[in-house]
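Dear colleague,

Please find below the structure I am handing over to you, followed by an account of what was found in it. I would be grateful if you read the text with the model open beside it.

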Amino acid sequence: MLFRSSLVLIRVLSEEGEDGRMKKVQGSGSGAIISPDGYVVTNHHVAGRGTRFVCRLSNREEIDATLVGTDALADIAVIKLDLSTRRLAGEPLPVARFGDSSKLEVGDPVLAMGSPGGLSQSITRGIVANTEMIVPRHMISMTLDGEKVGELVRWIGHDAVIYPGNSGGPLVNLEGEIIGV
(Lines give C-alpha, C1' and ligand atoms only; values in the text may rest on other atoms or scores of the structure.)
Protein backbone atom coordinates (compact mmCIF):
# COMPACT_ATOMS: atom_id res chain seq x y z
CA MET A 1 0.00 0.00 0.00
CA LEU A 2 1.49 3.30 -1.10
CA PHE A 3 0.11 5.30 1.83
CA ARG A 4 1.96 3.06 4.30
CA SER A 5 5.29 3.39 2.49
CA SER A 6 5.01 7.21 2.54
CA LEU A 7 5.10 7.19 6.36
CA VAL A 8 8.33 8.49 7.91
CA LEU A 9 9.84 8.41 11.38
CA ILE A 10 11.18 11.84 12.28
CA ARG A 11 14.05 12.17 14.75
CA VAL A 12 14.21 15.71 16.05
CA LEU A 13 17.11 17.43 17.78
CA SER A 14 16.45 20.77 19.41
CA GLU A 15 18.43 23.08 21.62
CA GLU A 16 16.64 24.76 24.49
CA GLY A 17 18.07 27.52 26.65
CA GLU A 18 17.69 27.18 30.38
CA ASP A 19 19.30 29.63 32.80
CA GLY A 20 21.54 30.89 30.00
CA ARG A 21 22.71 27.39 29.13
CA MET A 22 21.87 25.42 26.02
CA LYS A 23 20.55 21.91 26.44
CA LYS A 24 20.18 19.43 23.58
CA VAL A 25 16.89 17.57 23.52
CA GLN A 26 16.08 14.67 21.22
CA GLY A 27 12.62 13.40 20.36
CA SER A 28 10.77 11.58 17.64
CA GLY A 29 7.47 11.63 15.85
CA SER A 30 5.87 10.65 12.59
CA GLY A 31 5.00 12.27 9.28
CA ALA A 32 3.93 11.53 5.73
CA ILE A 33 5.67 12.35 2.45
CA ILE A 34 3.28 14.52 0.45
CA SER A 35 5.27 15.42 -2.67
CA PRO A 36 7.80 13.76 -5.01
CA ASP A 37 10.35 16.45 -4.14
CA GLY A 38 10.34 15.46 -0.46
CA TYR A 39 7.92 17.62 1.50
CA VAL A 40 6.66 15.94 4.68
CA VAL A 41 3.64 16.97 6.78
CA THR A 42 3.74 16.47 10.55
CA ASN A 43 2.62 18.23 13.75
CA HIS A 44 4.06 21.47 15.10
CA HIS A 45 4.53 19.83 18.50
CA VAL A 46 6.80 17.26 16.77
CA ALA A 47 8.94 19.55 14.61
CA GLY A 48 8.18 23.17 15.45
CA ARG A 49 11.14 23.74 17.76
CA GLY A 50 13.57 21.38 16.07
CA THR A 51 16.96 22.46 14.77
CA ARG A 52 18.02 19.21 13.09
CA PHE A 53 15.88 16.48 11.52
CA VAL A 54 16.60 12.98 10.26
CA CYS A 55 13.77 11.02 8.64
CA ARG A 56 13.69 7.25 8.30
CA LEU A 57 11.64 5.94 5.40
CA SER A 58 9.80 2.62 5.36
CA ASN A 59 12.78 1.03 3.55
CA ARG A 60 15.01 2.13 6.50
CA GLU A 61 16.80 4.76 4.44
CA GLU A 62 17.68 7.82 6.55
CA ILE A 63 17.52 11.29 5.01
CA ASP A 64 18.36 14.67 6.54
CA ALA A 65 15.59 17.29 6.50
CA THR A 66 14.96 20.94 7.29
CA LEU A 67 11.97 22.79 8.72
CA VAL A 68 10.08 24.69 6.01
CA GLY A 69 7.19 26.15 7.99
CA THR A 70 5.08 25.64 11.05
CA ASP A 71 1.82 26.86 12.56
CA ALA A 72 1.43 26.38 16.31
CA LEU A 73 -2.25 27.37 16.28
CA ALA A 74 -3.11 24.62 13.77
CA ASP A 75 -0.42 22.27 15.19
CA ILE A 76 0.92 21.64 11.66
CA ALA A 77 4.49 21.70 10.37
CA VAL A 78 6.14 20.96 7.03
CA ILE A 79 9.69 19.69 6.69
CA LYS A 80 11.67 19.06 3.49
CA LEU A 81 13.81 16.02 2.89
CA ASP A 82 17.32 16.83 1.65
CA LEU A 83 17.30 14.49 -1.33
CA SER A 84 21.01 15.10 -1.92
CA THR A 85 21.67 12.96 1.18
CA ARG A 86 19.71 9.97 -0.22
CA ARG A 87 21.44 6.64 -0.44
CA LEU A 88 18.97 5.55 -3.14
CA ALA A 89 19.16 8.76 -5.17
CA GLY A 90 17.48 7.46 -8.33
CA GLU A 91 14.44 5.90 -6.66
CA PRO A 92 11.25 7.96 -6.55
CA LEU A 93 9.80 8.71 -3.14
CA PRO A 94 6.50 7.12 -2.16
CA VAL A 95 3.95 9.94 -1.93
CA ALA A 96 0.68 9.98 0.01
CA ARG A 97 -2.44 11.60 -1.44
CA PHE A 98 -4.80 13.94 0.35
CA GLY A 99 -8.48 13.12 0.61
CA ASP A 100 -11.44 15.34 1.43
CA SER A 101 -12.07 15.35 5.19
CA SER A 102 -15.34 17.24 4.65
CA LYS A 103 -16.77 14.02 3.18
CA LEU A 104 -16.22 12.14 6.46
CA GLU A 105 -19.28 11.01 8.36
CA VAL A 106 -19.75 9.74 11.88
CA GLY A 107 -19.27 5.98 11.76
CA ASP A 108 -16.71 5.98 8.93
CA PRO A 109 -13.65 3.78 9.52
CA VAL A 110 -10.24 5.48 9.67
CA LEU A 111 -6.64 4.35 10.09
CA ALA A 112 -4.16 6.12 12.38
CA MET A 113 -0.56 5.63 11.29
CA GLY A 114 2.73 6.35 12.98
CA SER A 115 6.02 5.16 14.37
CA PRO A 116 5.42 4.49 18.05
CA GLY A 117 8.45 4.86 20.27
CA GLY A 118 10.55 5.60 17.21
CA LEU A 119 10.88 1.87 16.64
CA SER A 120 8.57 0.71 13.88
CA GLN A 121 5.45 1.53 11.93
CA SER A 122 1.97 0.87 13.20
CA ILE A 123 -1.53 1.18 11.85
CA THR A 124 -4.59 1.11 14.07
CA ARG A 125 -8.21 1.18 12.94
CA GLY A 126 -10.98 3.23 14.45
CA ILE A 127 -14.37 4.77 13.84
CA VAL A 128 -15.11 8.48 13.41
CA ALA A 129 -17.13 9.75 16.38
CA ASN A 130 -17.13 13.47 15.55
CA THR A 131 -16.17 15.27 12.36
CA GLU A 132 -15.59 18.74 13.88
CA MET A 133 -14.59 18.26 17.49
CA ILE A 134 -13.88 21.44 19.46
CA VAL A 135 -12.32 21.54 22.91
CA PRO A 136 -14.47 23.82 25.11
CA ARG A 137 -12.56 26.73 26.67
CA HIS A 138 -13.42 25.71 30.22
CA MET A 139 -12.08 22.21 29.65
CA ILE A 140 -8.65 21.07 28.47
CA SER A 141 -6.50 23.87 27.11
CA MET A 142 -3.48 22.92 25.03
CA THR A 143 -1.04 25.76 24.49
CA LEU A 144 1.79 25.49 21.96
CA ASP A 145 4.27 28.34 21.70
CA GLY A 146 1.74 30.78 23.12
CA GLU A 147 -1.15 29.67 20.90
CA LYS A 148 -4.26 28.00 22.32
CA VAL A 149 -4.64 25.05 19.97
CA GLY A 150 -8.19 23.81 19.66
CA GLU A 151 -10.07 27.09 19.87
CA LEU A 152 -10.08 27.44 16.07
CA VAL A 153 -8.97 24.00 14.88
CA ARG A 154 -11.64 21.36 14.32
CA TRP A 155 -10.38 17.87 15.07
CA ILE A 156 -11.67 14.57 13.80
CA GLY A 157 -12.73 12.61 16.86
CA HIS A 158 -12.06 8.87 16.47
CA ASP A 159 -11.26 5.85 18.60
CA ALA A 160 -8.21 4.51 16.72
CA VAL A 161 -5.41 3.85 19.20
CA ILE A 162 -2.70 6.51 19.15
CA TYR A 163 0.60 5.33 20.61
CA PRO A 164 3.36 7.63 21.91
CA GLY A 165 5.45 8.57 18.86
CA ASN A 166 2.47 8.49 16.48
CA SER A 167 2.16 12.29 16.69
CA GLY A 168 2.47 13.81 13.25
CA GLY A 169 1.41 10.64 11.51
CA PRO A 170 -1.50 10.73 9.09
CA LEU A 171 -5.10 9.78 9.73
CA VAL A 172 -6.24 8.10 6.52
CA ASN A 173 -9.49 6.85 5.04
CA LEU A 174 -9.80 3.32 3.67
CA GLU A 175 -8.74 4.58 0.22
CA GLY A 176 -5.37 5.45 1.78
CA GLU A 177 -5.88 9.23 1.49
CA ILE A 178 -4.74 11.61 4.25
CA ILE A 179 -7.75 13.20 5.92
CA GLY A 180 -6.04 14.44 9.09
CA VAL A 181 -2.72 14.71 10.92
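In strand β6, Ile 76 is the bridge partner of Asp 71. Please bear in mind that the model is a predicted one.

As background, most residues other than glycine have a negative phi. Is Asp 75 buried or exposed? Asp 75 counts as buried because its relative accessible area is 7%, and the limit for that class is under 20%.

β6 also pairs with strand β3 (residues 39–42); these two run antiparallel and are joined by 4 bridges. In this pairing Val 41 stands opposite Val 78 of β6.

The side chains of β6, which spans residues 76–81, alternate between two faces. Ala 77, Ile 79 and Leu 81 point to one face and are buried. As for pairs of aromatic rings, the structure holds 0.

**The largest nonpolar core**

The largest nonpolar core has 17 residues, and Ile 10, Ile 33, Ile 79 and Leu 81 are the ones that touch the most other members. Two or more residues of this core come from each of β1 (7–18), α2 (44–47), β4 (52–56), β5 and β6.

What does Ile 10 touch, if residues up to four places away in sequence are not counted? Its contacts are Gly 27, Ser 28, Gly 29, Ser 30, Gly 31, Val 40, Thr 42, Phe 53, Val 54, Cys 55 and Ile 79.

**Two loop residues**

Ser 6 is found in the loop between α1 (2–5) and β1. With a relative accessibility of 1%, Ser 6 counts as buried. Leaving out residues up to four places away in sequence, Ser 6 touches Gly 31, Ala 32, Ile 33, Pro 94, Val 95 and Ala 96.

Arg 60 is placed in the loop between β4 and β5. Its relative accessibility is 69%, so it counts as exposed, the limit for that class being over 50%. The phi of Arg 60 is near 75 degrees, again a positive value in a residue other than glycine.

**The six-stranded sheet**

An open sheet of 6 strands is present, in the order β7-β14-β13-β8-β9-β12 and with mixed pairing. Its edge strands are β7 (97–98) and β12 (155–158), each of which pairs on one side only. Within this sheet, β8 (residues 109–114) and β13 (residues 171–172) are antiparallel and share 2 bridges; Leu 111 stands opposite Val 172 of β13.

Met 133 belongs to strand β9 (residues 122–133). Its relative accessible area of 32% makes it partly exposed. Not counting residues up to four places away in sequence, Met 133 touches Val 153, Arg 154, Trp 155 and Gly 157. The C-alpha atom of Met 133 is separated by 9.8 Å from that of His 158, which is 25 residues away along the chain.

**The protein as a whole**

The protein contains 2 helices and 14 strands. It has 181 residues, of which 40% count as buried. Its accessible surface comes to about 9900 Å², and carbon and sulfur atoms account for 52% of that area. Where contacts join residues at least 6 apart in sequence, 62% of them are between residues at least 24 apart.

Yours sincerely

Note on methods. Residues numbered from 1 in each chain as written. Predicted model: local features only at pLDDT ≥ 70, side-chain atom pairs only at ≥ 80, totals over all residues. Heavy atoms only, no water. Buried < 20%, exposed > 50% of the residue type's maximum accessible area, 1.4 Å probe, protein only. Pairing = 2+ DSSP bridges. Phe/Tyr/Trp six-rings, centres within 6.5 Å; stacked < 30°, edge-to-face > 60°. Contact = heavy atoms within 4.5 Å. Areas by Shrake-Rupley, 256 points an atom, 1.4 Å probe, with all protein chains shown as cover. Core = buried A, V, L, I, M, F, W, Y, C linked by side-chain atoms within 4.5 Å.
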